[in-house]
Amino acid sequence: MLKIAIIGYSGSGKSTLAKFLGQHYNCEVLYLDKIHFTSNWQERTVDEMTDDISTFMLQRDWIIEGNYSACLYEERMREADCIVYFNFNRVNCLYRAFRRYLTYRGKTRPSMAEDCNEKFDFAFVKWILLDGRSKKYVEQYNVVVKNYSDKTIILKNQRQLNHYMKQVNSY
């Protein structure tokens with residue numbers, strides 16, 4: 001059995017790692033952004049998302065990428081065999097998000113819902129630098145690290161991410 005939860009800050013590389021792990025382990029990936037939004041950035045309800053997540057979690061193996069603490073967060077952390085927590089610094093996340101925007105400008109990236117063209121606006125910059133790093137979210141990650149220290153991998157930078165991916169590739 002293989003169950004991996006990937007959490008962490010926006011722009012840190014969660015989706016890229018999820019895709020890599022999905023291909024490596026030949027396992028389906030659920031990108032939570034993909035079920036949170038419908039076309040043109042319309043948000044779905046927590047109940048709709050929770051239904052999709054609980055159905056996905058019935059599989060023998062799964063990789064779930066994203067935070068969305070209102071949607072079976074604790075259940076995902078508890079059931080995961082491994083939790084990968086991206087704790088990159090905010091400037092690095094902003095740079096990565098901007099680079100992603102340049103790559104997908106006018107298009108929808110694979111880890112996003114259809115017709116949600118990549119955007120890089122003031123609200124998103126503010127989310128990466130401030131709102132997404134509020135005490136509430138920091139505490140949420142700290143609780144996961146504390147409660148599941150035995151199965152949590154913390155990645156703080158590209159070097160650590162590269163090392164982790166190299167380890168995965170070696171077995």
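Colleague: What makes the span of helix α8, residues 158-169, close to the expected one?

Modeller: Helix α8, a DSSP run of H or I with at least four residues, has 12 residues and reaches 16 Å from its first C-alpha to its last, close to the 16 Å expected at 1.5 Å a residue, because the expected span is 1.5 Å times one less than the number of residues. This is a predicted model, in which local features need pLDDT of at least 70 and side-chain atom pairs count only at pLDDT 80 or more, while totals for chains, interfaces and linings use all residues. Residues are numbered from 1 along each chain as its sequence is written, and side-chain values use heavy atoms, with hydrogens and water left out.

Colleague: Which residues of α8 are buried, and why are they said to line one face of the helix?

Modeller: Leu161, Tyr164, Met165 and Val168 are the buried residues of α8, where buried means under 20% relative accessible area, exposed over 50% and partly exposed in between, with a 1.4 Å probe and protein chains only. Seen down the axis of α8, these residues fall within an arc of 95°, so they line one face, the arc being that of the directions from the helix axis to the C-beta atoms. The face turned away from that buried side carries the exposed residues Arg159 and Lys166.

Colleague: What do the buried residues of α8 pack against?

Modeller: They pack against α1 (14-25), β6 (82-86), α5 (90-104) and β7 (152-155), with contact meaning heavy atoms within 4.5 Å.

Colleague: Why is α1 called roughly parallel to α8?

Modeller: The axes of α1 and α8 come within 11 Å and cross at roughly 10°. Angles under 35 degrees count as roughly parallel, over 145 as roughly antiparallel, 65 to 115 as roughly perpendicular and the rest as oblique, and therefore α1 is roughly parallel to α8. Leu17, Phe20, Leu21, His24 and Tyr25 in α1 meet Leu161, Tyr164, Met165, Val168 and Asn169 in α8.

Colleague: Which residue caps the N-terminal end of α8?

Modeller: Asn157 does, with a side-chain oxygen that lies 3.2 Å from the backbone nitrogen of Arg159.

Colleague: Which residues of α5 are buried, and what makes them line one face?

Modeller: The buried residues of α5 are Cys93, Arg96, Ala97, Arg100 and Tyr101. Seen down the axis of α5, they fall within an arc of 145°, so they line one face of the helix, whereas Val91 and Tyr95 are exposed on the other side.

Notes:
Helices (H or I, at least four residues) and strands (E, at least two) are DSSP runs, numbered from the N terminus. A polar contact is a pair of N or O atoms within 3.5 Å; within protein, one must be able to donate a hydrogen and the other to accept it, and residues adjacent in sequence count only if both atoms are side-chain atoms. Axes are lines fitted to C-alpha atoms, for helices over the stretch in contact, and angles run from 0 to 180 degrees between N-to-C directions.
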